[in-house]
Amino acid sequence: MSTLCKKVKILFLGQCIAQGYGIGAANSYPQLVQQMLSAQFPALQFELKFYPLLHPTGLKALLASCLPQRPDIIFIS
């Protein structure tokens, strides 16, 4: 008997600190979120991707380029 495992796709759009610049990738916000979600919801898989948002004026173009990936959740920082 196989079980379906739902994959939740989460995109992070943010500044370099959110990716772990200066604190290490293991301490980055997306990594910490993935650890907490995996612990809370072990039956789900989480696919996280980070895209740098260098300036707020680039948000519209960045969102337009990310939406075709059909994410379940988008974090913007």
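A search of the whole structure, a predicted model, finds three aromatic pairs.

Colleague: Why is the pair of Phe-12 and Phe-75 called stacked?

Modeller: The planes of Phe-12 and Phe-75 are 5° apart, and the centres 4.9 Å. Stacked requires planes under 30 degrees apart and centres within 6.5 Å.

Colleague: Why is the pair of Tyr-29 and Phe-75 called edge-to-face?

Modeller: The planes of Tyr-29 and Phe-75 stand at 85°, with the centres 6.1 Å apart. The cut-off is over 60 degrees, with centres within 6.5 Å. So this pair is edge-to-face. Tyr-29 lies in helix H2, 46 residues from Phe-75.

Colleague: What do the ring pairs make of Phe-12, Tyr-29 and Phe-75?

Modeller: A cluster, linked by ring pairs.

Colleague: How do you know whether Phe-12 is buried or exposed?

Modeller: Its relative accessibility is 3%. Buried means under 20%, so Phe-12 counts as buried.

Colleague: Why is Phe-75 called partly exposed?

Modeller: Phe-75 has 30% relative accessibility. That falls between the 20% and 50% limits, so partly exposed is the term. Tyr-29, at 44%, is partly exposed too.

Colleague: Which residues form the largest nonpolar core?

Modeller: There are eight, including Phe-12, Val-33 and Leu-48. Strands S1 and S2 each give two or more residues to this core.

Notes. Residues are numbered from 1 along each chain as its sequence is written. This is a predicted model: local features need pLDDT of at least 70, side-chain atom pairs count only at pLDDT 80 or more; totals for chains, interfaces and linings use all residues. Side-chain values use heavy atoms; hydrogens and water are left out. A nonpolar core is a set of buried Ala, Val, Leu, Ile, Met, Phe, Trp, Tyr and Cys residues joined through side-chain atoms within 4.5 Å. Buried means under 20% relative accessible area, exposed over 50%, partly exposed in between (1.4 Å probe, protein chains only). Helices (H or I, at least four residues) and strands (E, at least two) are DSSP runs, numbered from the N terminus. Rings of Phe, Tyr and Trp (its six-membered ring) pair if their centres lie within 6.5 Å; planes under 30 degrees apart count as stacked, over 60 as edge-to-face and the rest as tilted.
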